[in-house]
Amino acid sequence: MTGDPHFSPARLRRARIAIAAVFCVHGAVTGSFATRIPWIQDHAGLGAGTLGLALAAPAVGAALAMPLAGRINHRFGARPALRGLLALWTLSLVLPSLAPNLPALCLVLFVYGATAGMSDVAMNALGVETENRLGRSIMSSLHGMWSVGALLGSAAGTVAAHTGVDARLHHLVAALVLTAAGLVAVQGVLDLRSADEAPAPPHFAMPPKSALLMGAVGFCAVFAEGASLDWSAVYLRDVLDTDAGLAAASTTAFALTMAVARLVGDRVVDRFGPVRTVRAGGVLATLGGLLVVGVRHPAAALAGFGLIGLGIAVVVPLAFAAAGRSGPAPAQAIAGVATITYTSGLIAPSAIGAVADATSLVVSFALVTLLASALVVGASVLGRKPPVGQSGGGITGQAGPAGRDEPADIRP
């Protein structure tokens with residue numbers, strides 16, 4: 001809340017810039033890694049099948065480690081926890097390129113995913129806290145900054161790959177630069193600490209039912225995202241018989257509309273609210289899916305994938321924000337949503353391939369369209385209020401004025 005004496009408007013604006021920078025750094029690690037996957041594959045001597053197995057390890061590591069983030073936040077406070085977890089994530093970038101074989105690569109990617117997941121939960125929890133105290137939506141633009149970071153990291157990785165730089169050197173330099181940038185950025189975030197009498201969250205616990213419902217909405221959006229990113233170019237090439245350049249443009253159309261929508265999405269959310277925004281997004285994504293599977297023309301497919309990206313762009317940020325307001329354990333709820341969405345991102349590409357093998361890619365994207373339409377129905381769970389006495393939005397879990405949680409110890 002901007003009226004809180006601990007947080008002046010200027011302090012909150014600085015905190016918003018700082019947490020946005022954290023999201024950008026987090027995304028840059030992902031972009032840096034993704035561009036060197038072919039080098040890592042050759043270095044470890046892997047085929048396509050074994051590489052796919054290894055690339056499942058980060059999601060497994062993230063899913064298992066995410067529930068720990070809430071306990072780390074409770075033990076050390078939001079800023080120190082984020083500082084440590086983000087540094088572990090940025091430094092873990094050096095590990096994959098060192099792996100000489102499949103077992104080693106699976107192990108280091110498990111660690112890589114675990115640090116990614118825990119830092120993801122910590123930064124989203126702090127993003128929700130900052131949003132609540134500002135009194136307006138910022139989560140969409142924060143996730144937009146993650147996309148910007150991923151683009152910057154991938155651009156640098158593309159240059160390194162094109163010039164023949166060894167991935168071990170590239171990732172070492174990138175890890176050091178991003179670690180330094182992350183440490184500087186974290187200095188500006190809000191330092192929220194749990195009250196001394198607040199019980200520590202469990203090491204592992206099932207997320208509350210409300211978080212499962214919010215995660216299900218996020219699942220639909222992330223499934224459509226993963227399917228479109230990985231299979232849109234294949235769809236244009238194989239189903240619509242386009243050339244490689246036009247096929248690649250479909251992925252660009254999707255990614256571009258999604259990034260732009262996230263960067264400007266907060267204004268829409270502030271005006272229309274999360275439920276109507278997600279419901280309208282579900283309609284747009286459904287229309288996009290219908291264009292893809294129903295019209296069967298390259299121009300319609302490009303427009304369709306663009307509409308899917310536009311429609312689902314703000315769903316995951318709003319699911320995180322809703323989880324952070326859903327009850328007395330926001331970090332636990334955010335971890336639950338994050339685990340479900342990570343799982344969706346893991347299974348979507350392979351599920352689309354399996355359905356295509358059994359039927360066709362058209363049927364696969366009919367499934368994507370069906371899940372997009374589910375957003376229209378499921379949007380209402382993102383606007384539910386927590387029970388009286390269990391208002392979310394605070395790391396401490398103490399009910400504060402105006403239905404918000406206020407920390408017992410706040411350090412600028």
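Is G61 buried or exposed, at 1% relative accessibility? G61 counts as buried, because its relative accessibility of 1% falls under the 20% limit. The structure is a predicted model.

- G61 has its place in helix 4, which covers residues 57–65.
- Apart from neighbours within four places in sequence, G61 is in contact with F110, G113 and A114.
- G61 can also be set beside G117: the two are 56 residues apart in sequence, while their C-alpha atoms are 7.7 Å apart in space.
- H170 belongs to helix 9, which covers residues 167–186.
- With a relative accessibility of 10%, H170 also counts as buried, because this value is under 20%.
- When neighbours within four places in sequence are left aside, the contacts of H170 are S32, T35, R36, G157, A160 and V165.

**Packing of helix 10 and helix 12**

- Helix 10 (residues 209–238) packs with helix 12 (residues 298–312) at an angle of about 165°, and their axes are 10 Å apart.
- Angles over 145 degrees count as roughly antiparallel, and helix 10 and helix 12 are therefore roughly antiparallel to each other.
- The crossing in which helix 10 passes helix 12 is left-handed.
- From helix 10, the residues that take part in the contact are A221, A224, E225, S228, S232, Y235 and L236.
- From helix 12, the residues that they meet are A301, L302, F305, I308 and I312.
- Sorted by class, this contact of helix 10 with helix 12 has nine nonpolar residues, two polar residues and one charged residue.

**Salt bridges**

- Side chains of opposite charge can pair when their charged atoms come close.
- The model has a count of five salt bridges, among them the pairs D266 with R16, E131 with R325, and R237 with D238.
- In the pair of D266 and R16, the distance from N to O is 4.0 Å.
- This pair links distant parts of the chain, since D266 is in helix 11 (residues 244–295) and R16 is in helix 1 (residues 9–34), 250 residues apart.
- D266 is buried, with a relative accessible area of 5%, whereas R16 counts as partly exposed at 24% relative accessibility.
- The side chains of E131 and R325 form a salt bridge with an N to O distance of 3.4 Å.
- E131 counts as buried at 7% relative accessibility, whereas R325 is partly exposed, with a relative accessible area of 28%.
- In the salt bridge between the side chains of R237 and D238, the N to O distance is 2.7 Å.
- R237 is partly exposed, with a relative accessible area of 45%, and D238 is partly exposed as well, with a relative accessible area of 47%.

Methods
Residues numbered from 1 in each chain as written. Predicted model: local features only at pLDDT ≥ 70, side-chain atom pairs only at ≥ 80, totals over all residues. Heavy atoms only, no water. Axes fitted to C-alpha atoms, helices over the stretch in contact; angles between N-to-C directions. Helix = DSSP H or I, 4+ residues; strand = E, 2+ residues; numbered from the N terminus. Parallel < 35°, antiparallel > 145°, perpendicular 65-115°, else oblique. Left-handed = near helix turned anticlockwise from the far one by under 90°. Contact = heavy atoms within 4.5 Å. Nonpolar A, V, L, I, M, F, W, Y, C, P; charged D, E, K, R; others polar. Buried < 20%, exposed > 50% of the residue type's maximum accessible area, 1.4 Å probe, protein only.
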